[in-house]
Amino acid sequence: MNLIQHIQNFTIYDWLLAIGLIALLGIQFFTLRKQKSSKRFKIKIALNLVLWLIVCLFVINPKWEKSTDSNRVLVYGNDVPLSVVNQLKDSLKIKESFSQKSFDKSLIENPNFANQVGKVFIVGQDAKPEILSKVAGHAIEWIPSFKENELQELHWSAVLRKGDMQEVSGKINLTESNILYLKWGKQTIDSLKLSKGFNNFSLKVPVFTLGASSFDLFLDEDKLRSIEFFAQKNQAFRVLMILTNPDFESKTLADWLGRNGNQVKIISTVAKNTQSAVSINQIDSNFTPDLIITDPSNATNSLVKKAYSEGKGIFFINLSQADVAAKSINQALGTNWTFKRISIQENIPISADLTALPYSIQAHDFQKSIGDFPIAIQKKNGTVGVSLLNETFPLMLSGDSLSYMKIWQGALHLLRPSNATNVLLSAPVFKDSPTEITINSEESLVKIKVEKDTVNVQKSAINPFSSQVNYTFRATGWQKLGDSVEVFVENSETQLAKSHLLQPYLNTSPTKSGETQKLSVEIPEWLWLLMLVLALGALWVEPKV
């Protein structure tokens with residue numbers, strides 16, 4: 001387009017700007033005429049002309065085109081240093097990089113620009129969804145840019161029940177080895193030593209509160225964040241304890257189960273062909289156990305075998321000879337327990353008040369270990385657990401009820417029957433971010449209440465008792481879910497929230513390839529600012545020289 005055509009396309013705003021620039025030039029020369037006799041008149045004229053040209057060019061904003069290979073482009077956020085951008089360009093062999101602002105501007109100014117871009121590398125967490133949506137058909141790879149000692153990923157359960165195990169897992173990159181703590185108030189409830197560099201971590205603690213609850217995650221003495229969750233009341237279950245030789249260990253366990261609202265029936269042998277039965281909490285005459293706790297000598301007991309065939313949980317404690325116990329349990333129930341001796345000592349220490357048999361439990365399919373304790377669960381027809389711990393009641397005597405709960409709640413969590421209704425929701429939950437809520441219920445659900453809305457549920461095609469809801473929370477803090485559950489919603493400004501918002505757009509399968517194209521290039525804003533400051537500075541300094 002030639003100059004005449006360009007002028008012919010001027011709008012009223014273009015004409016006003018042009019008149020203003022001409023007026024500015026006239027004012028400058030009119031002012032300088034009074035100083036015509038000055039020895040530095042020519043310098044003043046030159047400086048004013050330079051200033052006028054800079055202002056004029058800034059208004060016109062000249063542009064030119066350059067050819068570029070857009071098969072692989074790098075887009076970086078405001079939180080990413082240019083040194084990191086240049087390093088990534090070299091290592092990934094990328095020729096073209098854009099700030100988010102310039103990339104968005106190119107998408108707006110050139111409608112065909114997105115079609116000519118190939119793989120997009122997003123650097124940093126500050127990527128805007130409106131930009132990502134415009135290149136959604138491309139291969140998009142995210143390169144995080146977290147600070148050292150900053151949480152890069154974090155997960156836990158937003159809703160669970162008292163007695164369940166809360167697992168807090170994530171990723172962090174450390175400048176030096178350190179200890180990660182999970183605290184409840186001032187009390188440390190779990191900890192983990194992490195090494196220098198990148199770490200995956202997992203902390204597990206029993207839930208011993210009801211309602212809206214929180215733990216605190218610390219790195220040494222620095223609080224990283226709070227872990228907010230909601231704990232529902234657990235459904236009581238029925239426990240049958242069959243004991244050959246009742247001892248203080250089984251009595252302590254029975255009392256603890258009773259204090260937690262469960263129905264407990266204890267059948268013990270007091271003499272040959274003579275048994276006694278004791279009940280904790282009121283039980284029905286047709287008492288049917290959900291779980292049987294016994295010792296290996298009762299593996300062939302008809303009650304044990306019947307419960308196992310019905311899919312109930314069986315838990316073996318008070319093992320004395322581990323290899324003999326494994327053989328008797330396997331023969332009676334068809335399990336495949338294998339124990340390997342790891343010490344010649346009679347017992348091995350686990351902690352100050354805890355010891356175990358000198359064996360390790362060998363891994364098998366359909367088997368799960370309970371934390372760092374020598375306890376494992378196998379699931380076949382029914383669910384069978386074994387514990388190689390000797391006595392756990394010293395923990396209660398020493399006042400360490402938290403460790404006692406951690407052991408037994410961790411084991412019983414996998415052995416007890418499922419609750420009638422369960423809400424599965426992963427945390428953290430962020431405002432303005434789609435969240436999947438799964439509800440397992442024996443009742444047929446059609447709608448549920450979330451915040452102030454009534455939302456339709458979508459039935460699972462696989463499980464008729466499972467329903468899903470995709471919901472976007474619009475407020476922060478504790479929000480209602482149904483009639484008795486609450487969900488803690490966080491704001492979406494944190495680095496974790498921004499990285500969470502990126503996930504739906506990531507696509508590693510390329511569907512479009514890039515090509516060489518012409519890009520519109522203009523003078524960057526920082527250079528305009530620098531030129532204006534230098535020109536005004538020169539005009540201010542000149543009379544003083």
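1. Gly124 sits in the loop that runs between strand S4 (119-123) and helix H6 (129-132). Keep in mind that this is a predicted model.

2. Is Gly124 buried or exposed? Gly124 has a relative accessible area of 0%, so it counts as buried, the cut-off for that label being under 20%.

3. What does Gly124 touch, once residues up to four places away in sequence are left out? The list is Asp79, Val80, Trp142, Ile143, Pro144, Ser145 and Leu502. Of these, Ser145 is worth a look: Gly124 and Ser145 are 21 residues apart in sequence, yet their C-alpha atoms are 4.6 Å apart in space.

4. Glu176, Asp220, Glu221 and Asp222 together form a negative surface patch. One of them, Asp220, belongs to the loop between strand S12 (211-219) and strand S13 (222-232).

5. How accessible is Asp220? Its relative accessibility is 39%, so Asp220 counts as partly exposed; that label covers values between 20% and 50%. Gly124, by contrast, is buried at 0%.

6. A few overall figures to set these two spots in context. The protein has 545 residues, and 43% of them count as buried.

7. Last, the surface: the accessible area of the protein is about 30,000 Å², and carbon and sulfur atoms account for 54% of it.

Technical notes
Residues are numbered from 1 along each chain as its sequence is written. This is a predicted model: local features need pLDDT of at least 70, side-chain atom pairs count only at pLDDT 80 or more; totals for chains, interfaces and linings use all residues. Side-chain values use heavy atoms; hydrogens and water are left out. Patches are made of residues with over 30% relative accessible area and no salt bridge: like charges are joined within 9 Å, nonpolar side chains (Val, Leu, Ile, Met, Phe, Trp, Tyr) within 5 Å. Accessible areas come from the Shrake-Rupley method with a 1.4 Å probe; for residues, only the protein chains shown count as cover. A salt bridge is a side-chain nitrogen of Lys or Arg within 4 Å of a carboxyl oxygen of Asp or Glu. Lys and Arg count as positive and Asp and Glu as negative; His and the chain ends are not counted. The place of a charge is taken as NZ of Lys, CZ of Arg, CG of Asp or CD of Glu. Helices (H or I, at least four residues) and strands (E, at least two) are DSSP runs, numbered from the N terminus. Buried means under 20% relative accessible area, exposed over 50%, partly exposed in between (1.4 Å probe, protein chains only). Contact means heavy atoms within 4.5 Å.
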